[in-house]
Amino acid sequence: MTDYNQYVTAINKIFDNLAKMKAGWNNQDNHNYIESIEEYKQVVANDANKFKTATAVKKEETPEAEPIESLEALGND
């Protein structure tokens, strides 16, 4: 599992748990606290995309980490 996948999985768990807490609690103060955290959901999603892009760039900079399979040219017999 890549770092990006671990990050996304962790963030999804956090927001899933917040949704469960919000559904289970009747106290308006708790709902307000959860909503204030949920305001950051889009920010976190955007940062996940930056993280994914940074990981892709890092892989391009170090090609020896993952060997690229090349195709044989046709017609060069």
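Trainee: How are helix H1 and helix H2 oriented to one another, roughly parallel or roughly antiparallel?

Mentor: This is a predicted model. In it, the axes of H1 (residues 3–24) and H2 (residues 28–38) come within 10 Å and cross at roughly 155°. Angles over 145 degrees count as roughly antiparallel. H1 is therefore, relative to H2, roughly antiparallel.

Trainee: Is the crossing of H1 and H2 left-handed or right-handed?

Mentor: The two axes cross at roughly 155°. The handedness of the H1 and H2 crossing is left-handed.

Trainee: Which residues of H2 meet H1, and how many residues in the contact are nonpolar?

Mentor: On the H2 side the residues are His31, Ile34, Glu35, Ile37 and Glu38, and they meet Phe15, Leu18, Met21 and Lys22 of H1. By class, the contact has three charged residues and one polar residue, and the nonpolar ones number five.

Trainee: Is His31 buried or exposed?

Mentor: His31 lies in helix H2. Leaving aside residues up to four places away in sequence, it touches Lys22, Trp25 and Asn26. Buried means under 20% relative accessible area. His31 has 17%, so it counts as buried.

Trainee: What share of the chain is buried?

Mentor: The chain has three helices and zero strands, and its elements run α-α-α from the N terminus on. Of its 77 residues, the buried share is 10%.

Trainee: How many salt bridges are there?

Mentor: Side chains of opposite charge can pair when their charged atoms come close. The cut-off applied here is a nitrogen of Lys or Arg within 4 Å of a carboxyl oxygen of Asp or Glu. By this rule the number of salt bridges is three.

Trainee: What is the distance between the closest N and O atoms of Lys22 and Glu35?

Mentor: Lys22 is in helix H1 and Glu35 in helix H2, 13 residues apart, so the pair links distant parts of the chain. Lys22 is partly exposed at 25% relative accessible area, and Glu35 is partly exposed at 35%. The two form a salt bridge, with the closest N and O atoms at 3.3 Å.

Trainee: What is the N to O distance in the salt bridge of Lys22 and Glu38?

Mentor: Glu38 is partly exposed, with a relative accessible area of 27%. The side chains of Lys22 and Glu38 meet in a salt bridge, and the N to O distance is 3.6 Å.

Trainee: How many residues apart are Lys22 and Glu38?

Mentor: Lys22 belongs to helix H1 and Glu38 to helix H2, and the pair links distant parts of the chain. Their separation is 16 residues.

Trainee: Which residues are linked in a network of salt bridges?

Mentor: Lys22 forms a salt bridge with Glu35. Lys22 also meets Glu38 in a salt bridge. The network therefore takes in the residues Lys22, Glu35 and Glu38.

Trainee: Why are Asp47 and Lys50 separated by about one helical turn, and how far apart are their closest N and O atoms?

Mentor: Both residues are in helix H3 (residues 41–61), and they are about one helical turn apart because three residues separate them. Asp47 is partly exposed at 35% relative accessible area, while Lys50 is exposed at 56%. They form a salt bridge whose closest N and O atoms are apart by 3.8 Å.

Notes:
Residues numbered from 1 in each chain as written. Predicted model: local features only at pLDDT ≥ 70, side-chain atom pairs only at ≥ 80, totals over all residues. Heavy atoms only, no water. Axes fitted to C-alpha atoms, helices over the stretch in contact; angles between N-to-C directions. Helix = DSSP H or I, 4+ residues; strand = E, 2+ residues; numbered from the N terminus. Parallel < 35°, antiparallel > 145°, perpendicular 65-115°, else oblique. Left-handed = near helix turned anticlockwise from the far one by under 90°. Contact = heavy atoms within 4.5 Å. Nonpolar A, V, L, I, M, F, W, Y, C, P; charged D, E, K, R; others polar. Buried < 20%, exposed > 50% of the residue type's maximum accessible area, 1.4 Å probe, protein only.
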